[in-house]
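Hi,

Here is the structure I promised to pass on. Have a look at it first, and then read my notes below.

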Amino acid sequence: IGGQEMEVIFDTGSSDLWVVSSNCTQADCDGVAKYSQTPTLSLSNHSFSLSYLVGSVSGVVGFETVAVGPYQISPQVFALANETRGLNLSVAGDSGILGLSFPLSAAIPPTSGKTLLENLFSYFDDAHRFFAFHLGGDLYDSSLSLGQLDPALANSTDGFTYTPVYTGRKGVPDYWKLPLHAITLNGSASFSSLAPSRVPGSATPIAVLDSGTTFVLGPSADVDAFWNLVGASRKTDGGQWQVKCSRAVTVGFVLGNDDTREYIVDPHDISWKEGDAADEWCTGGIQTNDHINSGDWILGDTFLRNVYVTHHGATTNKPPLIGLLNLTDPASSLQRFQDERGNDPLSPIQGSGEVHRHGERLRLSAGAICGIVVVGAFLVGAFGVWVFQLYMSRRQRSQEKVSAVM
Ligand SMILES: *[C@@H]1O[C@H](CO)[C@@H](O)[C@H](O)[C@H]1NC(C)=O
Ligand SMILES: *[C@@H]1O[C@H](CO)[C@@H](O)[C@H](O)[C@H]1NC(C)=O
Ligand SMILES: *[C@@H]1O[C@H](CO)[C@@H](O)[C@H](O)[C@H]1NC(C)=O
C-alpha cells in the first residue's frame, strides 16, 4: 500500500480494505507494520468506523496505490485506521484486513470507490474472473491465487461443483453464500432443515463461507442437538462445546442448489486438541452463535481447511459462483485421527439414516432430526461474529497464515 508491504488477513467474510496508520498508538496495534503517508495518498473527509461484537476499528477513508502480487490499482479506496480495540493485531502481527466479499457488505460506501476485489476482477476476462482459496493445516500448504488455480491443489476445474451465490430476494450478492441442506454425522445420522429459513426467500438454511471466522457457527438449537448426538461432549460455562479427544466423528456438509454434494470434514477439525496435552477435552470445531446476521450458518476455517474454493465474479452471462472441491479423504483422515487419539471407549453414535441428494427428501431417524432455526441478515452483526471468532482464533493463527501464489 503506497509501496509499503503489510500483512493483512484475507477475509472472505467482509469487503473493506483497511490498515493501521502510524497514528495508531494503542496496545492493540503495537508492533505491527503501519502505513505512513506518501505523496500518492489522498485523504477524504469521510470517517471509517466499524464496531464489532468484540473490538472495533475506526479511522478515515483515503485513496492510495495498492498492489497485490503483479496487479496494481491506483487509486484504490481503503481506510487508514488510527484506532483498533480488542482485535489483537499485535499478537498476530497483522496490519489490517483485506475483505474479499461483495460491495453490498462494504462499510466504505460504493460512492467512495470500488472494492479492491472489484478492481482486481477488472483485470480478468470472464473465464478468469475468480480467486481460489485454500486454508491448509500449516503455513506452507495454504494458497490464495487470482485468475488461476494453484497447480499444487488442482490443475483443472474437473471435480469442482459450482453453485450460484445465494442472493435472496434482493438479487444482489452480499456474502459468499450457498444453501446448506444437511449436516451428516459419521455418514449416517443427519440434520435436516425442517423449518423454513428466515433468510428472505430461502427454503433451506443459508451458509456463508468466511475465512475470517475460525469455527463453523450455527444456531444453538441445532449445534446443541449435534453435540448431544455425538455424545462424550459438554458445554462449558462460557457456552463453548467440548468433546472427548478420543471421540472420532466424521462430519459432512451437504451444500448446493439442485446439484448438492456432501463435503467431508477431517475429524481433527471437529475436535481441536490444544493447550494442555493431558486434557482429555478438546474444543469442538462447531460452535453455537445465535447472532449470525449474514445467513444462518457460518462455515469458517473448520470447514474451509477441507476444501478448495473458487470465488467467481459475475460475467456477461453468469452470476457470481462458488466452486467447491473436497480435498479431505474420509477414510485416511479418520485413520490418522484414531491412530493419534487412541481408542474411543464410549459407545458409537446412535441413529441412522441416509442423505439423499439431488433434491430428494432426507430420510433420517427421528432422533437425528432437528429443525434449523434461522436468523435474519444484517451487516454489523456479521462483522461482530467474525471479529469475535477472530479474537478467539489467535492461538490458532499460525495455522492460518496464507501465502500468495501469483
Ligand atoms: C483518530 O482520529 C480521529 C479523527 O481525526 C481523532 O478524533 C481520534 O482522537 C484519533 N484517535 C487516536 C487514538 O489517535
Ligand atoms: C498439476 O500438474 C503439475 C505438473 O504436471 C504436477 O506437478 C502437479 O502435481 C499437478 N497437480 C495436481 C493437483 O494434480
Ligand atoms: C464413527 O465411525 C467410525 C468408523 O466407522 C467409528 O470408528 C467411530 O467410532 C464412529 N464414531 C462414533 C462417535 O460413533
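I went through the whole structure for disulfides, and the search turned up two. Keep in mind that this is a predicted model. As a reminder, a disulfide is a covalent bond between the sulfur atoms of two cysteines. If you number the bonded cysteines of the chain in sequence order, they pair up as 1-2, 3-4.

Start with Cys 24 and Cys 29, which form a disulfide with their sulfur atoms 2.1 Å apart. The torsion about that S-S bond is -110°, and the link is left-handed. Are these two cysteines buried or exposed? Both Cys 24 and Cys 29 are buried.

The other disulfide joins Cys 245 to Cys 282, with an S to S distance of 2.1 Å. Here the torsion about the S-S bond is about 110°, so this disulfide is right-handed. The pair ties together distant parts of the chain, 37 residues apart. Cys 245 sits in the loop between strand S15 (241-244) and strand S16 (251-255), while Cys 282 is in strand S19 (residues 281-284). Cys 245 has a relative accessibility of 6% and therefore counts as buried. Cys 282 is buried too, with a relative accessible area of 1%.

Strand S19 brings us to the sheets. It belongs to an open sheet of four strands, in the order S14-S15-S19-S18, with antiparallel pairing. Which strands stand at the edges? They are S14 (233-235) and S18 (271-272); each has a single partner strand, so one side of each is left without a neighbour in the sheet. S18 and S19 pair in the antiparallel sense over two bridges. If you want to find that pairing on screen, look for Ser 271, whose bridge partner in S19 is Gly 284.

There is also an open sheet of five strands, ordered S8-S7-S22-S23-S9, again with antiparallel pairing. At its edges are strand S8 (143-146) and strand S9 (161-164); each has a single partner strand, so each has one side without a neighbour in the sheet. On average, neighbouring strands of this sheet are turned by 15° against each other, direction ignored. Inside that order, strand S22 (residues 307-312) runs antiparallel to strand S23 (residues 321-326), and six bridges join them. His 312 is a handy landmark here, standing opposite Leu 321 in S23.

While you are around strand S7 (130-134), take a look at Asp 125, which lies in the loop between helix H2 (116-121) and that strand. Its relative accessibility is 44%, so Asp 125 counts as partly exposed. The side chain of Asp 125 makes a polar contact with the side chain of His 128, at 2.7 Å. The C-alpha atoms of Asp 125 and Thr 315 are separated by 8.3 Å, although these residues are 190 residues apart along the chain.

Now for the ligands.

Ligand 1 is surrounded by Asn 23, Asn 82 and Glu 83. A polar side-chain atom of Glu 83 lies 3.0 Å from a nitrogen atom of this ligand. Taken on its own, ligand 1 has 360 Å² of accessible area, and the protein covers 35% of that.

Around ligand 2 you will find Pro 151, Ala 152, Leu 153, Ala 154 and Asn 155. A backbone N or O atom of Pro 151 is 2.8 Å from a nitrogen atom of ligand 2. From Asn 155, a polar side-chain atom lies 2.4 Å from an oxygen atom of the ligand. The protein covers 32% of the 360 Å² of accessible area that ligand 2 has on its own.

Which residues are around ligand 3? They are Asn 186, Arg 247, Ala 248, Val 249, Leu 334, Gln 338, Pro 348 and Ile 349. Asn 186 has a polar side-chain atom 2.4 Å from an oxygen atom of the ligand. The backbone takes part as well: a polar backbone atom of Ala 248 is 2.7 Å from a nitrogen atom of ligand 3, and a polar backbone atom of Ile 349 is 2.8 Å from an oxygen atom of ligand 3. Alone, ligand 3 exposes 360 Å², and the protein buries 67% of that.

Cheers

Conventions: Residues are numbered from 1 along each chain as its sequence is written. Chains are lettered from A and ligands numbered from 1 in the order in which they are written. This is a predicted model: local features need pLDDT of at least 70, side-chain atom pairs count only at pLDDT 80 or more; totals for chains, interfaces and linings use all residues. Side-chain values use heavy atoms; hydrogens and water are left out. A residue is near a molecule or strand if one of its heavy atoms lies within 4 Å of it. A polar contact is a pair of N or O atoms within 3.5 Å; within protein, one must be able to donate a hydrogen and the other to accept it, and residues adjacent in sequence count only if both atoms are side-chain atoms. Accessible areas come from the Shrake-Rupley method with a 1.4 Å probe; for residues, only the protein chains shown count as cover. A disulfide is a pair of cysteine sulfur atoms within 2.5 Å. Buried means under 20% relative accessible area, exposed over 50%, partly exposed in between (1.4 Å probe, protein chains only). Two strands pair if DSSP finds at least two bridges between them. Axes are lines fitted to C-alpha atoms, for helices over the stretch in contact, and angles run from 0 to 180 degrees between N-to-C directions.
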